[in-house]
Amino acid sequence: MKPGTLYGVGVGPGDPELITLKAMKVLNQVEVIFAAASSKNEYSLALENAKSHMLNGAEVMRLSFPMTRDSGIMAKAWEENAQRILKYVQEGKDVAFITIGDPLTYSTFGYVMQTVQEMAPEVPVRVIPGITSYQAASAVAKEVVAEREQTFCVISGSKGGERLKEVISKSDCVVMLKVYHHLDQILDTLQELGIKEGVTLVSRCGMKDQVICKNPEELRGKKVPYLSLLIVKKGGRK
Ligand SMILES: C[S@@+](CC[C@H](N)C(=O)[O-])C[C@H]1O[C@@H](n2cnc3c(N)ncnc32)[C@H](O)[C@@H]1O
């Protein structure tokens, strides 16, 4: 039997209106929609974002991905979930795996796609890009991320401020995703680097409880939501 297609669909960062026409079209033409849910938290933000656009009664399945850095546990989860997806695709069904923001920017879909391609190279895979969190955040905060010959860099803050130190000398603007665990340590790094101005934290961008903070030092010692990012402009705000 001819296999169906696996679509990786970016559904935007939080505001349900920031979804592309192409993503909406795919969500209404597939038979099954997969959404990642961490094994600690069954809530899937991508699903929340997409559900008002899912009008064709596709079956929805949540896939559990453990929140761990253990590569063995992660590889096992990608393989098991790839198998779950392949079961439908190999019956000839088109399916979508939805992700917040863009599917190939710090997303579980990257691993799922690679695992599916290794396990079943004959299965067609298509990726529908999404508006990323930092594009939405720079828009609400009205912060230019790059102009003229400037260099702009996107990094992860999941291990703290070390990566920032590595890239800051070569960048005019750095966007840090996944800052929620180590915000205080990242603020220390910013101080160490002498960056006092031009730092913006955006939390839950596009949602009812969105926060735009132009002086993240105010948040020192506080817990920030998982959906938080920093825009760091080396030369300060103009
Ligand atoms: C696993 S990454 C997902 C990135 C996503 N694929 C993208 O294209 O932006 C999760 C991180 O994205 C950022 N993020 C995603 N949505 C966000 C939102 N609505 N507001 C602020 N940050 C967000 C946060 O830094 C969060 O920790």
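In this predicted model, helix α3 passes helix α4 in a right-handed crossing, a crossing being right-handed if the near helix is turned clockwise from the far one by less than a right angle, and left-handed if anticlockwise. Helices here are DSSP runs of H or I with at least four residues, strands are E runs of at least two, and both are numbered from the N terminus. The axes of α3 (residues 71–89) and α4 (residues 108–119) sit 9 Å apart at an angle of about 70°; they are lines fitted to C-alpha atoms over the stretch in contact, with angles between N-to-C directions running from 0 to 180 degrees. The two helices are therefore roughly perpendicular, the label for 65 to 115 degrees. On the α3 side, W78, E79, N81, A82, I85 and L86 make the contact, meeting Y111, V112, T115, V116 and M119 of α4 (contact puts C-beta atoms, placed from the backbone, within 7 Å).

Residues are numbered from 1 along each chain as its sequence is written. As the model is predicted, local features need pLDDT of at least 70 and side-chain atom pairs count only at pLDDT 80 or more, while totals for chains, interfaces and linings use all residues.

Zooming out, the protein chain splits into domain 1 (6–128) and domain 2 (133–233), with bounds from an automatic or database domain assignment. Their C-alpha centres lie 27 Å apart, and six residues of domain 1 touch nine of domain 2.

Then there's the ligand, with 24 residues around it, of which G14, G101, S133, L177 and C205 come nearest (near means a C-beta atom, placed from the backbone, within 6 Å).

Notes: Angles under 35 degrees count as roughly parallel, over 145 as roughly antiparallel, 65 to 115 as roughly perpendicular and the rest as oblique. Two residues are in contact if their C-beta atoms, placed from the backbone, lie within 7 Å.
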